[in-house]
Amino acid sequence: MTSIRARNVNHPDHQESLKADKYHIIREAMLSALPLDEWMLFSTMEERVRACLQEKDLPKSLFPKPGSLRWYCKAVQLDLEARGEIERQPGKSPLRLRRCREDRA
């Protein structure tokens, strides 16, 4: 099984090994959920990712443990930030995100 070395925007020297199939599923769902011009709460994005996975009727065994979907959402979010595909709203809490425009990435 292949894996992806996910980056962490907060800790540039740290990389997390993620299963490639799960990474791509979460990445696709996350990018389709996040808007370009508005900020979305992380919790709302996570809910939309969960709804997207349910719509695709993916097996529950893909993320079997309580909290495993949240953990993957967080790991992929940090990686996408490090890659410049999404950004967080500076100085705001709770965390708000949006997709980056291709001309800004």
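**A close look at one residue and its surroundings**

Author: Met30 is found in helix α1, which covers residues 20-33; helices here are DSSP runs of H or I with at least four residues, strands are runs of E with at least two, and both are numbered from the N terminus. Residues are numbered from 1 along each chain as its sequence is written, and side-chain values use heavy atoms, with hydrogens and water left out. This is a predicted model, in which local features need pLDDT of at least 70 and side-chain atom pairs count only at pLDDT 80 or more, while totals for chains, interfaces and linings use all residues.

Met30 counts as buried because its relative accessibility is 0%; buried means under 20% relative accessible area, exposed means over 50%, and partly exposed lies in between, with a 1.4 Å probe and protein chains only. If residues up to four places away in sequence are set aside, Met30 touches Met45, Val49, Cys73, Val76, Gln77, Leu80 and Ile86, where contact means heavy atoms within 4.5 Å.

Several partners of Met30, including Cys73, Val76, Gln77 and Leu80, are among the buried residues of α3. That helix is largely enclosed by the rest of the structure, because 11 of its 15 residues are buried. Its buried residues pack against β1, β2, α1, α2, β4 (86-88) and β5 (96-99). From its first C-alpha to its last, α3 reaches 21 Å, close to the 21 Å expected at 1.5 Å a residue, the expected span being 1.5 Å times one less than the number of residues. Just after α3, Gly84 takes a positive phi of about 80 degrees.

Two aromatic pairs are found in the whole structure; rings of Phe, Tyr and Trp (its six-membered ring) pair if their centres lie within 6.5 Å, and planes under 30 degrees apart count as stacked, over 60 as edge-to-face and the rest as tilted. The rings of Phe63 and Tyr72 are edge-to-face, because their planes stand at 70 degrees, with their centres 5.5 Å apart. The rings of Trp71 and Tyr72 have centres 5.2 Å apart and planes at 75 degrees, so this pair is edge-to-face. Trp71 is partly exposed, with a relative accessible area of 40%, and together Phe63, Trp71 and Tyr72 form one aromatic cluster.

Turning to the strands, β1 has a covered face with Ile4 and Ala6, and an uncovered one with Ser3, Arg5 and Arg7. In a regular strand the side chains alternate between the two faces of the sheet. Five bridges join β1 to the antiparallel strand β2, residues 15-19, and two strands pair if DSSP finds at least two bridges between them; here Ser3 stands opposite Lys19 in β2.

Elsewhere, three strands form an open antiparallel sheet in the order β3-β5-β4. Since β3 (40-41) and β4 stand at the edges, each with a single partner strand, one side of each is left without a neighbour in the sheet. Strands β4 and β5 pair over three bridges, with Arg88 opposite Leu97 in β5 and Glu87 bridged to Arg98. Strands β3 and β5 pair over two bridges, and Met40 stands opposite Leu97 in β5.
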